[in-house]
Amino acid sequence: MVLLENDSFLTELTRLFQKCRSSGSVVITLKKYDGRTKPAPRKGHTESFEPADNKCLIRASDGKKKISTVVSTKEVIKFQMAYSNLLRAHMDGLKKKDKKSKSKKTKATQ
C-alpha cells in the first residue's frame with residue numbers, strides 16, 4: 001500500500017476511476033486514524049496513548065493497486081470539497097433499479 005499526500009491521492013484516485021470505468025470497481029474505505037503504526041495490545045499492557053489530533057485514514061483499491069492518505073483536522077474542509085467533486089464527476093456508472101420487481105410486489109399484496 002502506498003501512503004500519498006492528499007493532492008497526489010486525489011490524482012491517483014482519478015486515475016483509478018478512469019481505469020475502472022468500463023469494467024471493474026473501486027473500493028474506498030475511511031476510518032479514524034490515531035497515528036499508531038503497530039496494533040494496540042489486547043490485555044496486560046495498558047499504555048495511555050493520546051493522539052495529538054484526530055486524523056482520518058482513507059484507502060482506495062481496485063483489487064490490484066492500493067493507495068491511501070491521512071487527512072488531518074486542519075485539511076479536512078479543503079480535502080472534503082475536492083473529494084466530493086471527484087466523486088460527483090465519477091459516479092455516473094451506477095446502475096438503475098429494476099422497476100419490474102417493484103410492480104410484482106404491489107400486485108402480490110393486493
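Predicted model: local features only at pLDDT ≥ 70, side-chain atom pairs only at ≥ 80, totals over all residues.

Trainee: Why are H1 and H2 called roughly parallel to each other?

Mentor: Helix H1 (residues 6-19) and helix H2 (residues 76-90) pack at an angle of about 10 degrees, with axes 11 Å apart. Angles under 35 degrees count as roughly parallel, and H1 and H2 are therefore given that description.

Trainee: Which residues make the contact between H1 and H2, and what makes some of them count as nonpolar?

Mentor: On H1 the contact residues include Phe 9, Leu 10, Leu 13 and Phe 17, and on H2 they include Phe 79, Ala 82, Leu 86 and Leu 87. Ala, Leu and Phe are among the types that count as nonpolar, and the contact of H1 with H2 divides into nine nonpolar, four polar and two charged residues.

Trainee: Why are S1 and S2 said to stand at the edges?

Mentor: The open sheet has four strands in the order S1-S4-S3-S2, with mixed pairing. Strand S1 (2-4) and strand S2 (27-33) each have a single partner strand, so one side of each is left without a neighbour in the sheet. Neighbouring strands here are turned by 25 degrees against each other on average, direction ignored.

Trainee: How do you know that S2 and strand S3 (residues 55-61) pair?

Mentor: Pairing requires at least two bridges between two strands, and S2 and S3 are joined in the antiparallel sense over seven bridges; as one instance, Thr 29 has Arg 59 in S3 as its bridge partner.

Terms used: Residues numbered from 1 in each chain as written. Heavy atoms only, no water. Axes fitted to C-alpha atoms, helices over the stretch in contact; angles between N-to-C directions. Helix = DSSP H or I, 4+ residues; strand = E, 2+ residues; numbered from the N terminus. Parallel < 35°, antiparallel > 145°, perpendicular 65-115°, else oblique. Contact = heavy atoms within 4.5 Å.
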